[in-house]
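Hi,

Here is the structure I said I would pass on. Could you open it alongside this email while you read through the notes below?

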Amino acid sequence: MTIQVFGHKSPDTDSTGSPIIWAWYLNEVKGIAAEPKLLGEPNTEAAFMLTRWGFEKPAIIADVADGAEVVIVDTNNPAELPANINGADVRAIIDHHKLVGGLETKGPIDITVRPLACTATIMIDLMGEDAAKMPEAIKGAALTCILSDTLEFRSPTTTDHDKAVAEKLAADLGIAIPDYAAEMFAAKSDVSAFSDAELLRMDSKEYEVEGTKFRVSVLETTAPATVLDRKDSLVESMKTVADEDGVDQVLLFVIDILNEEATLLVPNDLVKGVAEKSFGATVAGDTVVLPGIMSRKKQIIPNLKV
């Protein structure tokens, strides 16, 4: 049976690249048949990575069959995984997020959860000396994942180890990190082809705070004005997305990569209260700028209050 390797729904660069990296490792180094999969369309930066390094887009799957052998990467949250994930045969989890609970396995499995910025960094560590066997395309995917998750080392999730691994990969590839990161972020910032609903779901996670269910969306960009110019229509779409997804409110944080700040859209008193209680902000209009806020995992989710 071929192992399916996948990350979370609304796949970002790490959840697109890491399945490719680990499937390569299982196939080429361990001799275990494996295929990368996606749980949705990759975002524009992830699509850039696939094209830049010559990968075919992995097949998108809606669910997994009973007994299907799978490896989960870049998440351990059942809400971000196929509905039948507990019916599958989960063989391993490789992640860098907090433990959520709720996953069931058929037996003991390998679980690696480390406080690093990127799943790809963990994978290279797990490979050990075999990491030297990675072809250029796999190294390129790993570099892209790390630079994406660290926002070129600007994110507070960045560790010295993530940076060292990225710098080694870039040196092997003969790539200047600032130039390559600029290409990546330009691709990430081009969201013109997406509807408002698609933008709100593109990089989002569901999270509950004191009985209030949120879809916490982030858009990382070097051109925040292109998103904020759509503010009114995005706010209207929030209502539809919330109803369709069974949440109380969509929170949209537009992350300005270069200025290292986030702008939160404030459509109502609920979100105004969230901004004030969670970030100590003073809200005077329908947006509020949150200086230094760059990471959903480390700065947004842990601080949410209603």
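**Salt bridges**

Asp172 is partly exposed, at a relative accessible area of 34%. Here buried stands for under 20% relative accessible area, exposed for over 50%, and partly exposed for anything in between, with a 1.4 Å probe and protein chains only. Before going further, bear in mind that this is a predicted model, in which local features need pLDDT of at least 70 and side-chain atom pairs count only at pLDDT 80 or more, while totals for chains, interfaces and linings use all residues. Residues are numbered from 1 along each chain as its sequence is written, and side-chain values use heavy atoms, with hydrogens and water left out.

Which residue does Asp172 pair with? Its side chain meets that of Lys139 in a salt bridge, 3.4 Å from N to O (the cut-off is a side-chain nitrogen of Lys or Arg within 4 Å of a carboxyl oxygen of Asp or Glu). Lys139 sits in helix H4 (residues 136-150) and Asp172 in helix H5 (residues 160-173), so this pair links distant parts of the chain, 33 residues apart. Helices (H or I, at least four residues) and strands (E, at least two) are DSSP runs, numbered from the N terminus.

Next, have a look at Arg201, which is partly exposed at 25% relative accessible area. Arg201 makes a salt bridge with Asp245, and the closest N and O atoms are 3.0 Å apart. Because Arg201 lies in helix H7 (residues 196-202) and Asp245 in helix H9 (residues 231-245), the pair ties together parts that are 44 residues apart in sequence. There's a network here too: salt bridges that share partners join Arg201, Glu206, Arg215, Glu244 and Asp245.

One more pair is Lys57 with Glu41, again with the closest N and O atoms 3.0 Å apart. Lys57 lies in the loop between H2 and strand S3 (59-60), and Glu41 in the loop between strand S2 (34-38) and H2, so the pair ties together parts that are 16 residues apart in sequence. Lys57 is partly exposed at 42% relative accessible area, whereas Glu41 counts as exposed at 52%. How many salt bridges are there by this rule? The count comes to 20.

**Pockets**

On a 1 Å grid over the protein atoms alone, a cavity is a set of points where a 1.4 Å probe fits but cannot get out; a pocket is an open set with protein on both sides within 12 Å along at least five of seven lines; and lining residues have an atom within 4 Å of a point. Grid points are joined across faces, edges and corners, and a volume is the space filled by probe spheres set on the points.

The largest pocket holds about 790 Å³ of space. It has 38 lining residues, and those nearest its centre are His97, Lys205, Arg296, Lys297 and Ile301. Two or more lining residues come from each of H4, strand S7 (204-209), S8 and helix H11 (296-300). By class, the lining has twelve nonpolar, twelve polar and 14 charged residues. For the classes, Ala, Val, Leu, Ile, Met, Phe, Trp, Tyr, Cys and Pro count as nonpolar, Asp, Glu, Lys and Arg as charged, and the others, Gly among them, as polar.

The second largest pocket comes in at about 290 Å³. Of its 14 lining residues, Trp22, Leu26, Arg91, Ala92 and Asp110 are the closest to its centre. Helix H1 (13-29), strand S5 (89-95) and strand S6 (110-113) each supply at least two residues of that lining, and S5 gives the most, with four. This lining has ten nonpolar, one polar and three charged residues.

**The cavity**

What is the count of cavities of 30 Å³ or more? One, and the largest cavity has a volume of about 90 Å³. Its lining is made up of Asn43, Thr44, Glu45, Lys188, Met202, Asp203, Val218, Leu219 and Glu220. Helix H2 (44-52) and strand S8 (212-221) each supply at least two of the lining residues, with the largest share, three residues, coming from S8. By class, three of the lining residues are nonpolar, two polar and four charged.

Cheers
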